[in-house]
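Student: Could you walk me through this structure? I'd like to start with the contacts of a single residue and then look wider.

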Amino acid sequence: MESFFSRYRNPLVLLALLVAQIVGLAVQVRRVDSGRTSLDSQDPAGVRLIRLWANAIVAPPERAIHSSKLGAGGFWQNYIDLRHIREQNQDLQKTIDRLRLEQAALLEDARQGQRLQGILNFQEKYIYKTLAAQAIGSSGSDQSRVFYLDKGSAEGLERDMAVITPDGIVGKVREVFPHSAQVLAINDQTSGAGVILETTRIRGILRGNRAGQPQIVGILADQRIQPGEKVLTAGGDQIFPRGLPVGVVEKVVRDPDRDSFILVIVKPAAHLDQLDEVLVITSTQPRFSPEGLQDLATSEALKGPEAAAIKEQKKASEIMAEHLPGLIDPNAPPDKQPLLDNSNPNPVSHPPMPLHPDRFTPGAASTPTVPAPDAATPETKPKPKQTPPATPGQAKPATAPKPRDTAPRNP
Amino acid sequence: MPVLTANSRRDLEIRRFPLLVYALVPLIALVLQAWLPRLLRGYVWFDLPLVVTIYFALGLRSPIQGMFMGAGMGLFEDALTHHAIGVNGIAKTIAGFLAASVGVRIDVENHTIRVMLNFFISLLCSGIYLFIYRVLLGMELEWSWVVELIKAVGNSIIALVLFPLLDRVQIRE
């Protein structure tokens, strides 16, 4: 027996190592409903421990290399940057002021959208808080498009948080360690993000191919999809908030595995191969963040008297619209319309019929219609009850007061 | 006249390295494998841990040591990916075993032989990886043999430069 083991020692050790690793593989995969196998979305405790050890060994040298590279490059970069910093600062300040005003307008629109969403019992999530992180390493394999961040659970990162750059989405946090995190990029074969094409509103799932290009799968052949169309996040995957840029359509190819389906190859908006700094969305809320609301207040203050005057004018118009008698009552029958009401203390005066109609008479066949010079402007016109258009023999009512004139007297 | 038996000849040709080299070289290979793709914009046309495994397996001429080194390197690489741990481990275990087994029988001082050995073992490793993923695990994986061929060439070029450098740090008696 001893001679057997000594004689076949090498093959036996090989067999033992292979069997041990195959058993290890078997506990990590599971059979899914379609009959195929897949990895568990969450690693077993033992596997997670191995990943933690490997990361603990590799991350410190990577971090050191990264910081030394930043330190050397940063010194020269800082000198170059400082040379034009004053002009840049002034330009940026102007840009901030302009963007604040624009943001205030957009926030108003978004608030209205939120109210409508509330009516429809659908609430959109907004980015509430982000955390900046540095990409320090990768998996080292082209079969696994993952990379590592220098922030981990100690800094508040959790699984399935979205990772973005100002250009577009990057991926999601797959595994979190105490001071680092593993991010699965959108161009990995196993990734999946719900996306929508901006113009055609076609939805699909984004994942990577062998070459590391993101592609949208599960789309029926559609002639409307053209290169250059923008791709946005659809918001249905519970990871990426809706409307974030993903990229643009690069080309459309036939799906080799499924007839009548196509693959939409996407050129990612974020530079996935040159990632340095990224943002991790650590929190999303159904309402605006305090910072957003603060910006809104700041821009309102910046607008000052102009904004107050517009607001006052709008308010007066609304009050006027409520109090003024309408010329057309949608609920009244045609013969009981306010225009025909004799009990009205200020009856509508009809212009007298012309004795000798000429080409200037309203309703003449060859006469072009000329609008009344004192027609109410869209801003001052009461919205719910509109003035009927001028018809032959019926001019604009002279007794209808102009809201702008009466507004200061009837606040 | 002293006659060298097969075992004694093998013992004479076994390379020995300082303990620090056994620890540092694999670690540096693993760190560089994880870090370099960021510099090279995602192009991973090499497998440094495999090259180092082949070098030590050839030099040590011990299949068991080669297997354990391959298994360790492979498992470490797997742990850095999001794939199942063990796929690379099995592939590199076999690579280490083969390299050490071949190293006993052929002249591993010849650079051409070492580079060719690197090329073929790299391709074999890719084939084992694909076999485990698709057949053993039954999982979907897009594959390109052209990329694997380029990777094997990349490994051979690295071996051409790295092996003479590592030869310099071996202990000479």
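Student: Which residues is Val183(A) in contact with, leaving aside its neighbours within four places in sequence?

Tutor: Keeping in mind that this is a predicted model, Val183(A) is in contact with Val146(A), Phe147(A), Leu149(A) and Val163(A), and also with Gly171(A), Lys172(A), Val173(A) and Arg174(A).

Student: And which residues have the most contacts inside the largest nonpolar core?

Tutor: That core has 98 residues, and Val183(A) is listed with Ile169(A), Val170(A), Ile54(B), Ala95(B) and Ala99(B) as having the most contacts inside it. The largest share of this core, ten residues, is supplied by helix 3 of chain B, residues 48–60.

Student: OK, new topic: which residues of helix 2 of chain A are buried?

Tutor: In helix 2 of chain A, the buried residues are Leu14(A), Leu17(A), Gln21(A), Gly24(A) and Leu25(A). They lie on the same side of the helix, because they cover an arc of only 105° around the axis.

Student: What sits on the face turned away from that buried side?

Tutor: That face of helix 2 of chain A carries the exposed residues Arg9(A), Pro11(A), Leu15(A), Ala16(A), Val19(A) and Val23(A).

Student: And what do the buried ones pack against?

Tutor: They pack against strand 1 of chain A, residues 29–31, together with helix 4 (63–80) and helix 5 (87–105) of chain B.

Student: How many residues of each chain are in contact with the other?

Tutor: There are 36 residues of chain B in contact with 41 residues of chain A. On the side of chain B that touches chain A, the largest share, eight residues, comes from helix 4 of chain B, and by class that side has 21 nonpolar, ten polar and five charged residues.

How values were computed. Residues numbered from 1 in each chain as written. Chains lettered and ligands numbered in written order. Predicted model: local features only at pLDDT ≥ 70, side-chain atom pairs only at ≥ 80, totals over all residues. Buried ≥ 20, exposed ≤ 12 C-beta atoms within 10 Å, placed from the backbone. Helix = DSSP H or I, 4+ residues; strand = E, 2+ residues; numbered from the N terminus. Arc of directions from axis to C-beta. Contact = placed C-beta atoms within 7 Å. Nonpolar A, V, L, I, M, F, W, Y, C, P; charged D, E, K, R; others polar. Core = buried A, V, L, I, M, F, W, Y, C linked by C-beta atoms within 7 Å.
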